[in-house]
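Here's a quick briefing to read alongside the model. Have the sequence and the 3D view open as you go.

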Amino acid sequence: MTKLAQRTQGIKPSVTLAIAAKAGTLRAEGVDVVNFSAGEPDFDTPEHIKTAAVTALRKGMTKYTDVKGIEPLREAITEKYRHDHGLSYRKDEVLVSCGAKHSVYNIMQATIDPGDEVLIPAPYWVSYSDMALLAGGVSKMIQTNESTGFRITPQQLEDALTPRTRLFILNSPCNPTGATYNQDELSSIARILEKHDCLILADDIYEKIVYENFRVHNLVTLNPGLRERTIIVNGVSKTYAMTGWRIGYALGAADIIAAAAKIQSQSTSNPTSISQAAALEALRGPQDEVLMMVREFEKRRNAIVDGLNSIAGIKCLKPQGAFYVFPNVSGLFGKRAKGKKLAAPCDVADYLLDEAQVAVVPGEDFGSREHIRFSYATSLRDIEKGCERIQAAIKKLG
């Protein structure tokens, strides 16, 4: 057997993509699977964005670009943050990458040394801990639950920070919980962070997907003293239904961005030129379809929360943002399905796929032993059908 690098032994393949692939295989075999696993909008990319890509292609925009991304796109990103958050960044403080995941990876590679602690509120997006591991870091979790709406408290943060903490990650709105921090909560967190000399990664990829007139705030806006230590990560994937276009970006101090750009220059070089043209149009063009998608997501959120809470053994908080719910299924633990006892989220997820043909993602890889994740980036019809199937399957448990 081929000897592989040690770094490959500790990391896990994406559980979300694995579940989606299994659901896809069943569908290809003719099984009617209701898929709540995919973390991407089911809407098509808006037409004006696709048109911009086609125009760029026909004009011959098919060559290498600056590793950091084309200048107009970086300028548009600085304009967005000036307009949305009152923040001023130069173009050399922006790096465009192959998706926000790539942005996070570049930042970790550029800032973390072996043994450095990466502080992560849990439940968390599955890739954070493995990216930290690949950089030689040590992940340290701050556990949250329903009692705080899956948000960390300032005291928890204060207790968790140590001299070894190199990077603190805050994802708001959050994948998988949809938890979102308001202005007062973020200000309290900022006051704790200003006393500690660690870097901060603000993952804002879902910032435009919030409900009931919730206003998203930025740590740096609330506490400008954190600017030089904060790296903001965002992208066009979720907001504009552009997951396959693979455009994300990071904003931060010039030295951090330059270091991340060096990492990128020796891995992918620039992001796809045509996708950059599309992202430029996404940021500078009409925003009407974004609002339409968010309104539709809100209807779906309400439907899936009501549907899941009507099922015995499942309790589901109503999230403020993103397009996920993270229901507690511990009420099903101890029940039996065909002689097998359900004892963990992965057991529940397996049972729902096998018995109800409903694909969900178990909570273990998100840092929870009591929850499963549903993406409601699917139709209202599928949400209703899925909840009906789950209800029927749960009734069969002994």
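The second largest pocket holds about 570 Å³ of space, and keep in mind that this is a predicted model. Its lining counts 26 residues, with Gly39, Lys101, Trp125, Lys238 and Arg246 lying nearest the centre. Two helices, H2 (15-28) and H5 (100-111), are the elements that give two or more residues to that lining.

**Second largest pocket, by class**
- Sorted by class, the lining of the second largest pocket comes out as 11 nonpolar, nine polar and six charged residues.

**H5 against H6**
- Helix H5, which gives residues to the second largest pocket, also packs on helix H6 (residues 127-134), at an angle of about 35° and with the axes 9 Å apart.
- The crossing of H5 past H6 is right-handed.
- On the H5 side, Lys101, Val104, Tyr105, Met108 and Gln109 make the contact.
- From H6 come Ser127, Tyr128, Met131, Ala132 and Leu134.
- Seven nonpolar, two polar and one charged residues make up this contact between H5 and H6.
- Lys101 turns up in both places: it is one of the residues nearest the centre of the second largest pocket, and it is part of the H5 contact with H6.

**Largest pocket**
- The largest pocket has about 660 Å³ of space.
- Its lining is made of 28 residues, and those nearest the centre are Asp84, Glu207, Lys208, Val290 and Leu291.
- The elements that give two or more residues here are helix H4 (71-85), strand S7 (230-235), helix H11 (273-284) and helix H12 (288-309).
- Of these, H4 gives the most, with six residues.
- Split by class, the lining of the largest pocket has 11 nonpolar, seven polar and 10 charged residues.

**A three-stranded sheet**
- Strands S9, S14 and S13 form an open sheet in the order S9-S14-S13, and the pairing is antiparallel.
- Why does one side of S9 and of S13 lack a neighbour in the sheet? Strand S9 (324-325) and strand S13 (361-362) stand at the edges and have a single partner strand each, so one side of each is left without a neighbour in the sheet.
- S9 pairs with strand S14 (residues 372-375) in the antiparallel sense, over two bridges.
- Look for Tyr324 opposite Ser375 in S14.

Technical notes
Residues numbered from 1 in each chain as written. Predicted model: local features only at pLDDT ≥ 70, side-chain atom pairs only at ≥ 80, totals over all residues. Heavy atoms only, no water. 1 Å grid on protein atoms, 1.4 Å probe; cavity = no way out; pocket = protein on both sides within 12 Å on 5 of 7 lines; lining within 4 Å. Points joined across faces, edges and corners; volume = space filled by probe spheres on them. Helix = DSSP H or I, 4+ residues; strand = E, 2+ residues; numbered from the N terminus. Nonpolar A, V, L, I, M, F, W, Y, C, P; charged D, E, K, R; others polar. Pairing = 2+ DSSP bridges. Axes fitted to C-alpha atoms, helices over the stretch in contact; angles between N-to-C directions. Left-handed = near helix turned anticlockwise from the far one by under 90°. Contact = heavy atoms within 4.5 Å.
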